[in-house]
Amino acid sequence: MDRLTATTLLPDAFQGARDDISMQLGIIWAQIKAPLIVPLLRIAVVLCLIMSLMLFIERVYMGIVIVLLKLLGRKPEKRYKWEPMKDDVELGNSAYPMVLVQIPMYNEREVYQLSIGAACGLSWPSDRIIIQVLDDSTDPTIKDLVELECQRWASKGINIKYEIRDNRNGYKAGALKEGMKRSYVKQCDYVAIFDADFQPESDFLWRTIPLLVHNPELALVQTRWKFVNSDECLMTRMQEMSLDYHFTVEQEVGSSTYAFFGFNGTAGVWRIAALNEAGGWKDRTTVEDMDLAVRASLKGWKFVYLGSVKVKNELPSTFKAYRFQQHRWSCGPANLFRKMVMEILRNKKVSLWKKVHVIYSFFFVRKIIAHINTFVFYCIVLPATVVVPEVAVPKWGAVYIPSIITLLNAVGTPRSLHLLVFWILFENVMSLHRTKATIIGLLEASRVNEWIVTEKLGDALKGKASGKAPRKPRFRIGERLHLLELGVGAYLFFCGCYDVFFGKNHFFIFLYIQAIAFFILGFGYVGTFVPNS
């Protein structure tokens, strides 16, 4: 009888406790909702709508500029003097400028041969070019392989220098800075820079150097990236869409309007005199390339983007490598903005409009607002309005403006137009990391100077795939589970369920699909999976 009483009373007690907790939470929510939650959410909605309008105006402006450039046919070769280099019978090869080609690398086992081979294959008078391999590798085996490759090309008559240092201070910027200190560099007029996975065509110098030779006001010629592995997986297709817009629109607009844009760190040629006048390479942020570009621009130098010249390279195809890259690319610009905004305002060599372009358009809207608004508005605030129906988001802010911005972003890669929905979902998830990195950069918090070299696979995956079936890799929770993504995914899923049962705005379709995207990336099921050897 006692046992029967216990089994029947205990569940009732637990049920009562659950009901009490639910009632208490409901009372607390009702008490704070009207005086606190609703006003705060309304402020958040207004701020997000303002940021959306800023992004919208920026995208439309750039779209109009691109259309005008196409209609007027304003190519770089027409805006600047461009003539092919000509032989001089009297001067011989000395009529050609001396060119330095720098290849910084770090433990690049899979791609070192490709980049060194492509650089050594550049067409230019052999006594007027120096190939400089800056090897920061910490793996002695890879170091030996790179040195042997350099010796192999040297035996063929190529003027190639293999340079190492006893530390990695400053990472890539430190390596480039050390390379510029070598005595043989003093005779060079221009420096072309290629990361370890970049493979320029043989005529690269013939198509870029003349612009610098005939236009003394130009400091930099930046060329376009061409992705050799864009079809490897869905994640690389998403990256291709984002980067194609960056090159097709952002770089082109900056080049044609203010003769300023961010140096991409590779596949470009610098005038060494301009590089030195700007103060050389600095390692104060993780975007040493952008830092140098801004400083050179403040000295009055101009840049030109040459989209007709494309250099093959590799996109990160593992989610881990892509996350590290995006942290660096988002944290660095925000941190550089913090360090340089007053220097830009005080500068007297550039016009007011150029200052506005650099501070507002280049840094504030594209590098800060774009990341923060994408995550906060579409992944936090908009879902929250489902639970707080007193706060409404106007249709133009929730639907029309995002749709137009998305379509404008898609113009860079027409072949991927059918993947637009996947791109939106993927970019929303990645905005979580970009927002976190941007805040870290603005506040100079921990990880602000974290530099992890983006992993390149080259032909490694093909080699493993063609061999024996790999062993099943061990599951590592830290590597495959991403708690932030899973947390946001759970929040969106909850908001979607609430909308189904109590909501009226029918956001649940978007919320469920976006939640699934967060879960997929949260469990690491995106990108190329590299099996253990």
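1. Glu 108 is placed in the loop between strand E1 and helix H3 (112–120), where helices (H or I, at least four residues) and strands (E, at least two) are DSSP runs numbered from the N terminus. This is a predicted model, in which local features need pLDDT of at least 70 and side-chain atom pairs count only at pLDDT 80 or more, while totals for chains, interfaces and linings use all residues. Residues are numbered from 1 along each chain as its sequence is written, and side-chain values use heavy atoms, with hydrogens and water left out.

2. Is Glu 108 buried or exposed? Glu 108 is buried, with a relative accessible area of 6%; buried means under 20% relative accessible area, exposed over 50%, and partly exposed in between, with a 1.4 Å probe and protein chains only. Leaving aside neighbours within four places in sequence, Glu 108 is in contact (heavy atoms within 4.5 Å) with Ser 137, Ile 142, Ala 196, Val 453 and Lys 456. The C-alpha atom of Glu 108 is separated by 42 Å from that of Trp 353, which is 245 residues away along the chain.

3. Beyond the neighbours within four places in sequence, the contacts of Asn 373 are with Cys 48, Met 51, Ser 52, Leu 55 and Tyr 378.

4. The largest nonpolar core holds 92 residues, among which Ile 116 and Trp 270 touch the most other members; such a core is a set of buried Ala, Val, Leu, Ile, Met, Phe, Trp, Tyr and Cys residues joined through side-chain atoms within 4.5 Å. Apart from neighbours within four places in sequence, Ile 116 is in contact with Ile 103, Met 105, Val 133, Val 146, Glu 149, Cys 150, Trp 153 and Ile 160. A second, separate core of 51 residues includes Val 38, Tyr 378, Ile 401 and Ala 410, and Tyr 378 is also one of the residues in contact with Asn 373.

5. In helix H6 (residues 204–214), the buried residues are Phe 204, Leu 205, Thr 208, Ile 209, Pro 210, Leu 211 and Leu 212. The cover over these buried residues includes strands E1 (99–105), E2 (129–135), E4 (190–193), E5 (218–227), E6 (268–271) and E7 (302–313).

6. Glu 444 is partly exposed, with a relative accessible area of 32%, and Arg 447 counts as partly exposed at 33%.

7. For the chain as a whole, there are 17 helices and 7 strands, and the C-alpha trace spans about 110 × 60 × 40 Å along its principal axes. Buried residues make up 52% of the 533 residues, and among contacts with a separation of 6 or more, residues 24 or more positions apart account for 82%.
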